[in-house]
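Reader: I would like to go through this model term by term. Please set each label against its cut-off.

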Amino acid sequence: MKFTWYGQSTFIIEFGGKKLLTDPALSANPLAKNLNIEDLEADYILVSHGHGDHVSDLETVAQRTGATIISNYEIVSYYGNKGFSGHPMNHGGKWKFDFGTVKYVNAVHSSVLPDGTYAGNPGGFVVWGDGGCFYFAGDTALTWDMKLIPLTCPKLDVALLPIGDNFTMGYEDAAIASDFVECENIIGCHYDSFPYIEINHGDASQLFEKKGKKLFLPKLGETIEL
Ligand code: NI
Ligand code: MN
């Protein structure tokens, strides 16, 4: 599995021979102003919820790539009405795609599209297959529901967790989340994009180190292979 970070919650994940793009939103992120939206390639686009910092480039990228949008029923229907192809899911459900199995799991957050359209309930994704198993949490608080993941999914190799605090869990709660989901490798996201979610990198890394875990804090455009 290869994870390339494009700021906030935007990753390109190479998995099972496909490119999975998560929450494409470079244009909503001041930190990502030097990154090129044209670099966002995708066979599938996983969308955790409807907030602007997760969907601002979705239509542009979906139009160019023809990628299939995987999200909750409401978000897939919304973009479906605009002519984009998608696969609707809802909490607790899983589906076998050509790259692997995707399970749509709970997130504690809110969800509305930038134009005010109801965007269903926010979620995260657990994805597994020959390449391994990862969890993309989306925007979420620490929640007991995370304990269901090791009970219902294969052992996680890596978890992509929000760590910026204020709008989602901070790194302290993310460290507990990593215990709940029973995962040793964490890639941090949803931090530093705006003043509300700036974090101290050293403190965050140390906290995970103390637990015998690895917190990856990739640079913009950096690829982590696991
Ligand atoms: Ni959000
Ligand atoms: Mn967000």
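Reader: What is the phi of Glu 182, the residue that follows α5?
Author: The phi of Glu 182 is positive, near 55°. This is a predicted model, where local features need pLDDT of at least 70, side-chain atom pairs count only at pLDDT 80 or more, and totals for chains, interfaces and linings use all residues. Residues are numbered from 1 along each chain as its sequence is written, chains are lettered from A and ligands numbered from 1 in the order in which they are written, and side-chain values use heavy atoms, with hydrogens and water left out.

Reader: Why is Asp 23 called buried, and why is Asp 165 called partly exposed?
Author: Buried means under 20% relative accessible area, exposed over 50%, partly exposed in between (1.4 Å probe, protein chains only). Asp 23 has 0%, so Asp 23 is buried. Asp 165 has 40%, so Asp 165 is partly exposed. Asp 23 has a positive phi, near 35°, and Asp 165 has one near 65°. Most residues other than glycine have a negative phi.

Reader: Which residues of α5 are buried?
Author: Tyr 171, Ala 174, Ala 175, Ala 177, Ser 178 and Phe 180 are. Their cover includes α4, β11, β12 and α6; contact here means heavy atoms within 4.5 Å.

Reader: What makes a set of residues a nonpolar core?
Author: The members are buried Ala, Val, Leu, Ile, Met, Phe, Trp, Tyr and Cys residues, joined through side-chain atoms within 4.5 Å. The largest such core has 52 residues, and Phe 134 and Tyr 135 have the most contacts inside it. Helix α5 gives the largest share of this core, five residues. A second, separate core has 22 residues, including Ile 69 and Tyr 79.

Reader: How do you know which atoms are donors of the manganese ion (ligand 2)?
Author: Donors are N, O and S atoms within 2.8 Å of the metal (3.2 Å for Na, K and Ca); water is not among the atoms, so sites may look incomplete. Asp 53 (OD), His 54 (NE2), Asp 139 (OD) and His 190 (NE2) lie 2.1 to 2.2 Å from the manganese ion. They therefore count as donors. Asp 53 and His 190 link distant parts of the chain, 137 residues apart. Both are buried.

Reader: Which residue bridges the manganese ion (ligand 2) and the nickel ion (ligand 1)?
Author: Asp 139 does, and the ions lie 3.0 Å apart.

Definitions and conventions: Helices (H or I, at least four residues) and strands (E, at least two) are DSSP runs, numbered from the N terminus.
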